[in-house]
Amino acid sequence: ATPMAVMVGTGLGATNGILFKNAGALEDATKLDVIVFDKTGTLTMGQPRVVEVVAAQGQSDDDVLRIAAAVERDSEHPLALAIIERADGLALPEARGFRNIEGKGALAEVGGETVLLGNRRVMDEEGVDFVELAREAERLKEDGRTVVHVAHGGRILGLLAIADAPRPTAKAAVAKLRERGVDVAMLTGDNEGTAKRIAAELGIDIVLADVLPGQKADKVRELQGQGKRVGMVGDGVNDAPALTQADVGFAIGAGTDVAMESADVVLMKSDPYDVVGAIELSRATLRKMH
Ligand code: ADP
Ligand code: MG
């Protein structure tokens, strides 16, 4: 595009809360074949809430919450905040030696025994038998809940079902992108059952789930290897490498600083529909030079 058209285009974007950090992004955004959306905090509000507690035999809901919150007090994960909030008013035991298990969960010692929190994968890896609650876990995932398993001393204590509402415009954004001939995918560290349910609600048919934080950029690279030009939209620290890898990285304005630094475009209103706006703006800008 001519320098003038680019100036007008980026200016128009900025007025509408779509910040193009470089002229190249404005041009590249015209050619995207697929937009990959992170789930939590990007397609969803990123304000998870514990909506159900399922206790194992002999445990109370409060027991499960107390133990889980004691560990999550030392975590900065959005799910941890939801759990601490739900445990508000309960006396928490002391937890020591907190350790984050990247993309899977967390652990710490409570009362001399290890508390393990997290997804199904981490329970399998640590040999926790959760068969007693496996059906409940499946039911919750089918409802689109993220399930946090809670184990103490190698024994399952309960499940915490966490919900995070979709952003109000997420579904319309997906529909409009597809109408414009752009494919849409979801990329998440969450489990496949939960991810597929939320994707179906939003009209997304490509779901890349159970992806560890370090693998998100690889997934983008794989799509590029198939000859696709990829736009990535994300908010988290764990999205930063994928935002850099993508042909155009879009950061959610309410997200982390790292995501915004790694992106080419910042969506100041944290509105996924602004990806459509960015693409339309770039297409209009490029038409002006012909
Ligand atoms: P996302 O890609 O949705 O941001 P993450 O990669 O951060 O998710 O985490 C993937 C999954 O690992 C979560 O859905 C959750 O099941 C589990 N997990 C990670 N950290 C924690 C934690 N601190 N407490 C409980 N579960 C966790
Ligand atoms: Mg996220």
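**Exercise 1. Which domains supply the shell around ligand 1, and which residues and elements build it?**

Let's work through this predicted model from the domains down to single residues.

Step 1: Begin with the domains. Domain 1 (3–45 + 166–287) and domain 2 (49–163) each give at least three residues to the shell around ligand 1.

Step 2: Look for the residues that come nearest. The shell has 22 residues, and Thr 40, His 77, Gly 103, Asn 119 and Gly 189 come nearest to the ligand. Two or more residues of the shell come from each of helix H3 (39–43), helix H5 (78–86), strand S5 (105–110), strand S6 (113–118) and strand S7 (146–152).

Step 3: Twelve of its residues are polar, six are nonpolar and four are charged.

**Exercise 2. In what order do the seven strands of the open sheet run, and which strands form its edges?**

Step 1: Trace the order. The sheet reads S1-S13-S12-S11-S2-S9-S10, with mixed pairing.

Step 2: Find the ends. Strand S1 (18–20) and strand S10 (206–208) are the edge strands, each pairing on one side only. From one strand to the next, the twist averages 20°.

Step 3: Zoom in on one pair. Strand S2 (residues 34–38) and strand S9 (residues 183–187) run parallel, with five bridges between them. Here Phe 37 stands opposite Met 186 in S9.

**Exercise 3. Which strands does helix H13 lie across, and at about what angle to S1?**

Step 1: List the strands. Helix H13 (residues 274–287) lies across S1, S2, strand S11 (230–234), strand S12 (248–252) and strand S13 (265–267).

Step 2: Read the angle. Helix H13 runs at about 50° to S1.

Terms used. Residues numbered from 1 in each chain as written. Chains lettered and ligands numbered in written order. Predicted model: local features only at pLDDT ≥ 70, side-chain atom pairs only at ≥ 80, totals over all residues. Near = placed C-beta within 6 Å. Helix = DSSP H or I, 4+ residues; strand = E, 2+ residues; numbered from the N terminus. Nonpolar A, V, L, I, M, F, W, Y, C, P; charged D, E, K, R; others polar. Domains from an automatic or database assignment. Pairing = 2+ DSSP bridges. Axes fitted to C-alpha atoms, helices over the stretch in contact; angles between N-to-C directions. Contact = placed C-beta atoms within 7 Å.
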